[in-house]
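Hi everyone, thanks for coming. Let's take a friendly first look together at a structure that may be new to you.

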Amino acid sequence: MNKYFNILLLFLAMSVQAVAERLTIQSKGISLVIDAEKGHEPTFVYFGPKLVSASDIQPPRSGRMGLYPAYGLNTPTDAALSVRHADGNMSTTLHVTGYDTRSESNGTITTVWLKDPVYNLSVALRYRAYRDVDMIETWAEVTNGERGTVTLTQFASGMLPIRRGDVWLSHLYGSWANEGIVAEEPLLAGQKVIANKDGVRNSHTAHAEVMFSLDGKGRENEGNVIGAALCYSGNYKLRVTTDDTEYHYFCAGINEENSAYHLKRGETFTTPPLALTFSSEGLSGVSRNFHKWGRMYKLAHGDRPRDILLNSWEGVYFDINEAGMADMMREIAGMGGELFVMDDGWFGDKYPRDNDHTSLGDWVVNKRKLPHGIDGLLHEAKKNGVKFGIWIEPEMANTLSELYERHPDWVIKASRRPEVLGRGGTQVVLDLSNPKVQDYVFYVVDNLLSRYPDIAYIKWDANMSIMNHGSQYLSVDNQSHLYIAYHRGFESVCQRIRAKFPDVVIQACASGGGRANWGVLPYFDEFWVSDNTDALQRVYMQWGTSYFFPAMVMASHISAVPNHTVFRTTSLKFRIDVAMSGRLGMEIQPKNMTAWEKNLCKKAIAEYKEIRPVVQLGDIYRLLSPYDKRGVASLMYVDEAKDKAVFYWWKTENFQNEHLPRVRMAGLNPNKLYTVRELNRIDNNPLDCEGKSYSGAYLMSQGLDMPYTHDVDYNKKSDWSSRVLYLIAR
Ligand code: DGJ
């Protein structure tokens, strides 16, 4: 008996040992399982919904899939890390030396310690798992313990194998004035690469966030979907390799092109985090995971509803003057707005900023335009009961500026060549790898906010790429550090600003939506989705942007018609209804608006204040995509208690007697009764559902039919139609 008992104990000890090498990293509803056997490469086992039993694992049959494969001893496979060692050896292998997990206030950090058995190069592979949101962040810290410098030629944040089947990739692409456009494609054999090389802004043409729908083309509210977001402000590369195994290999990190990194002896290179999530509630489910995690742990002031503002740009462009600003402040206050933002054009002494050819870098008030300076504007804002915000572009200069005259050595340029010039034919990018430039950029903000503590909001713009590779600060050997050093410098400035000015609201603008990423949002409260404020195109752009970012960060403004970018004339009601699905604002010259228009905006602002907590802090359920071309697009937000919901319905085209689908709602409590109230109503008669109550079950299985046109007087008819319904549980 004893003998058998001892054998059983031995067997148990062996299996515990085996299980002990298998790490299960648990976030709220997701698990990541890895094998971390000492003396071997760590391998991927599982990523998906939280495992209910430790025995719920059938390891992948594709053989051992490296979790953070290094290049050199299995060269045909994809590598996350490639290194040239101090002695020139190009091969690396990383073996597990140990692992540990420590608790944090909001979850755990698990570290798998790796080291090359031959070289003194080690990697700490980190996994931060959040207890109360469905997110695991992973990143790598590479430490050079060798005698000399090692060169990193690839340094991904993480790698995730995804089981083949019918996996579809959803990602965002676009360009200036057309950001955040959804692309969906099946993953086929070969390689799919999504990359950015702008140097400064990284989300105009592509995004560092993706989703993988595991069961065929992504659906909004059903299906298993993995989400991934590289939290980085600079150049990135995401690649999915589909080889002859059963898996797609997703790898994400800083774009290594022209960025070989010379890691000095004793130095550690830390990659940006890659955030991974999973939902069995479709694309919208993954969006909700990103939004919740973002609001709770990433975004600046993620729990604080945003103010309703008027921005001066499309209203006056560079034509800034005291009387004009005072008028705008009075007008936005009159419509119930809470904040006024003075955009470009207020600064420059020797070179007044009258257009985009001069002055960036000279952040002094132009006294001709604003004789009473910022104090005068703040006084006016106070008088009108609104807050005041101001535009800056502190990472940039013009060659026609006093700053450039003083510090031509501060700008990015290739040595022995003239600068490549950007906007206005004179714009240049300041070299943020240079600590003196970092100090200066910090000073720009510090000086403004210290001298004028009542400035409540900064619009931080960035309108140029790194066009020419060259730092006048970095050594000849380290020129390839430019892109990385720029963003380290940028982040360090942001950290200093936030340490000193934790409360100021800062918008990330970069020629529109060039800085929509989770790398900047810890320091910024929101971003400007696009310079294109056309409401119809915004339906598409905001739809895509909402895949990864919550409504509270998506600055969405009511502007004039014909639209200044696409010249389309939409109805004011339509423009309001679209802007109200994000962070509502206005970008218009109020004095050109009729009394009726101002009244409609005033009503919309008042009603937005009622729904603001639901829109900005609630859960998104996208219902009918504009990309499906069904003639209508629709989404809704639901508060956490499922007591309040806001339903948006926008007609995206207009044909007589066309048939539009009836949109089913989602996210409600089937057992609650919701009373319907239409917001921004322009119709002469209420909707048939106005004031009526419907069960969540009915609204989710049947939806409500919307009339295809508005019931308004003949002279008010237009080819635009939209609805916003506020649902409140009785
Ligand atoms: C580009 C931004 O996207 C615009 O909103 C505006 O601020 C201009 N720059 C000002 O130059």
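Let's begin with two helices, H4 and H5, which are roughly parallel to each other, because an angle under 35 degrees counts as roughly parallel. Before I go on: this is a predicted model, where local features need pLDDT of at least 70 and side-chain atom pairs count only at pLDDT 80 or more, while totals for chains, interfaces and linings use all residues. Residues are numbered from 1 along each chain as its sequence is written, and side-chain values use heavy atoms, leaving out hydrogens and water.

Helices here are DSSP runs of H or I with at least four residues, and strands are E runs of at least two, numbered from the N terminus. H4 covers residues 322–334 and H5 residues 373–384; they pack at about 25°, with axes 9 Å apart. The axes are lines fitted to C-alpha atoms over the stretch in contact, and angles run from 0 to 180 degrees between N-to-C directions. Who makes the contact (heavy atoms within 4.5 Å)? Among the residues are Met325 and Met329 of H4, and Leu377 and Ala381 of H5.

Now please turn to strand S16, residues 236–242, where 7 of 7 residues are buried, that is, under 20% relative accessible area with a 1.4 Å probe, protein chains only. Both faces are covered, with Leu238 and Val240 among the buried residues on one side and Lys237 and Arg239 among those on the other.

Which strands pair with S16, given that pairing takes at least two DSSP bridges? Strand S13 (residues 190–195) runs antiparallel to S16, joined by 6 bridges, and Gln191 has Thr241 as its bridge partner. Strand S17 (residues 247–254) is also antiparallel to S16, over 7 bridges, with Thr242 opposite His248. S16 and S17 form a hairpin, with 4 residues between them.

How values were computed
Parallel < 35°, antiparallel > 145°, perpendicular 65-115°, else oblique. Contact = heavy atoms within 4.5 Å. Buried < 20%, exposed > 50% of the residue type's maximum accessible area, 1.4 Å probe, protein only. Pairing = 2+ DSSP bridges.
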